[in-house]
Amino acid sequence: PASPMPAGLGQNIRTIRLGARRIASPLLLLIILMQLTTIALYYFGPIDYKHIKYEVAGWILYYLFMLLLGSFFARNYYLRNKSDISGEFIARRKKFVLHSFLFSMLFILPTFYGRVGGFHLAGSLGEQYAMAAAHSAANQSVIEYVRMFFSVYLFGFFPTYLYFHEKLSPKLKKIGLIVSILNLLLAVFTGVNKYLFDYALIGIAIFMLKYAIKRKKNYTKIFFSACILGVVFSALLYFFALGQASREGSPSIKGIDPKMDSVATYNLDDGLFLMGYSALTSYLTQGYRIFDMSLDEKFVWTYGVGNSTFLSRQADKVLGTNIGDLTYPARLEYRGTDRYINWSTFYLWWVSDLGYLGVGVLTFLGGFLFRISENTIFKTSDHEALIIYAYLTIGFFYLSANNQLFQSGETAVGFFYLLIKIMLTKKISILPSGRRAEKIHT
């Protein structure tokens with residue numbers, strides 16, 4: 001064209017064109033590779049599970065294939081606002097980022113005292129977790145209910161802070177760094193490894209997005225960024241092993257777990273590293289064990305809310321039902337497992353609502369939404385698509401463990417609210433790429 005393309009259209013054309021040729025995004029392929037590793041660990045890892053069924057591998061491969069297929073079908077589409085008024089989108093994005101910073105700052109101290117009760121440091125992460133859990137059980141904090149109403153802003157703070165970091169003012173950059181550190185400290189005081197892993201996962205997702213967009217690759221910067229992420233993950237794994245070694249009643253200490261009918265090759269006597277390897281394998285594969293057990297049970301429909309402990313609890317309170325006890329993880333408790341302690345995979349929670357075959361349709365839709373959100377970020381830097389992308393990154397990472405997004409009220413409300421908003425305010429459009437983009441501009 002005679003004049004240069006608008007930044008929103010031309011800046012990422014190369015990325016979009018190359019991305020459309022891929023079966024799936026690099027991040028999704030990495031997640032699927034990790035999930036394949038977990039299923040391999042279930043059969044051949046350091047945890048010896050008794051009486052394993054090989055049908056489990058068939059179902060998991062089916063679900064992962066449908067996830068990949070959904071991503072493939074969405075490769076040429078993105079989400080477009082139904083009302084594109086000039087300047088409105090950028091103003092709305094700026095307003096959201098400012099509000100996410102504001103609410104994240106306001107909620108730090110109330111959340112800290114609600115979950116921990118004060119600046120009390122225990123001798124280990126395991127003791128810290130037990131102390132925080134005891135405080136939460138004895139004190140039903142109102143702040144956790146209030147956080148649900150601001151959940152999109154509270155969750156959206158970190159991904160938007162990382163993605164739009166270069167566009168922020170120096171003051172906002174400093175505030176964002178302080179808030180991020182305080183949120184990480186909150187995770188340390190509660191002794192919960194998950195929050196630390198979530199931050200690391202979102203960091204990797206944003207890093208891969210920004211790397212894909214840049215035409216000129218600064219490989220030195222990429223190398224150092226990869227080294228930093230490697231150090232962070234190594235530190236997280238070390239803290240994870242420390243937490244397992246110091247957590248009272250942890251089966252990782254002796255390597256025997258009667259609930260899972262399993263024996264670990266390594267325990268604490270073999271050293272922290274090997275014990276951590278066995279403990280992490282147990283975390284990543286115990287969900288398959290309960291999925292394995294479920295194949296012996298009959299299907300009982302849970303009316304669309306059995307996939308989430310949060311939703312089923314609310315339904316039982318309001319309607320006076322016992323839907324929560326009809327889910328597969330609940331009905332398997334007679335075999336010694338605990339739905340609130342033992343993981344049972346993302347899939348099994350949804351099997352309670354959709355059946356084994358129906359979960360494949362769900363993973364197809366999840367892959368479609370993931371890819372279309374990524375395309376939208378490349379095309380328009382849409383903050384709502386970015387947050388959905390971050391939500392799904394965490395959800396997919398925990399596929400072998402739990403239905404992570406919907407077990408807590410905060411993430412369930414935030415995800416459903418944003419998904420419904422996107423369905424009402426956006427429409428699916430074909431990505432302009434190459435000559436078609438130039439023709440549209442002309």
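The following questions and answers concern a predicted model of one protein.

Local features need pLDDT of at least 70 and side-chain atom pairs count only at pLDDT 80 or more, while totals for chains, interfaces and linings use all residues. Residues are numbered from 1 along each chain as its sequence is written, and side-chain values use heavy atoms, with hydrogens and water left out.

Reader: How many helices and strands are there in the protein?
Author: Helices (H or I, at least four residues) and strands (E, at least two) are DSSP runs, numbered from the N terminus. On that basis the protein has 19 helices and 5 strands.

Reader: What share of the residues of the protein counts as buried?
Author: Buried means under 20% relative accessible area, exposed over 50%, and partly exposed in between, with a 1.4 Å probe and protein chains only. Of the 442 residues, the buried share is 51%.

Reader: Is Thr285 buried or exposed, and which residues does Thr285 touch?
Author: Thr285 is found in helix α12, residues 272-294. Its relative accessible area is 0%, so Thr285 is buried. Contact means heavy atoms within 4.5 Å. Not counting residues up to four places away in sequence, Thr285 touches Thr38, Leu41, Tyr42 and Tyr49.

Reader: How are helix α8 and helix α16 oriented to each other, roughly parallel or roughly perpendicular?
Author: Helix α8 (residues 151-163) and helix α16 (residues 383-397) pack with their axes 9 Å apart, at an angle of about 100°. Axes are lines fitted to C-alpha atoms, for helices over the stretch in contact, and angles run from 0 to 180 degrees between N-to-C directions. Angles under 35 degrees count as roughly parallel, over 145 as roughly antiparallel, 65 to 115 as roughly perpendicular and the rest as oblique. Helix α8 is therefore placed relative to α16 as roughly perpendicular.

Reader: Which residues of α16 make the contact with α8?
Author: On the α8 side, the contact involves Ser151, Val152, Phe155, Gly156, Pro159, Thr160 and Tyr163. On the α16 side, the residues are His383, Leu386, Ile387, Ala390, Tyr391 and Ile394.

Reader: Which residue forms a salt bridge with Glu144?
Author: A salt bridge is a side-chain nitrogen of Lys or Arg within 4 Å of a carboxyl oxygen of Asp or Glu. For Glu144, the N to O distance is 2.8 Å and the partner is Arg115. Because Glu144 lies in helix α7 (residues 142-149) and Arg115 in helix α5 (residues 88-115), the pair ties together parts that are 29 residues apart in sequence. Glu144 is partly exposed at 25% relative accessible area, whereas the residue that counts as buried, at 13%, is Arg115.

Reader: How many residues apart in sequence are the parts tied together by Glu410 and Arg147?
Author: Glu410 and Arg147 form a salt bridge, the closest N and O atoms being 2.8 Å apart. Glu410 counts as buried at 16% relative accessibility, and Arg147 is buried with 12% relative accessible area. Since Glu410 lies in helix α18 (residues 409-425) and Arg147 in helix α7, the separation of the parts they tie together is 263 residues.

Reader: Which residues form the nonpolar patch on the surface that includes Leu177?
Author: Patches are made of residues with over 30% relative accessible area and no salt bridge: like charges are joined within 9 Å, nonpolar side chains (Val, Leu, Ile, Met, Phe, Trp, Tyr) within 5 Å. Leu177 lies in helix α9, residues 170-190, and is partly exposed with a relative accessible area of 46%. Accessible areas come from the Shrake-Rupley method with a 1.4 Å probe, and for residues only the protein chains shown count as cover. Together having about 430 Å² of accessible area, the patch residues are Leu177, Ile178, Ile181, Leu182 and Leu185.
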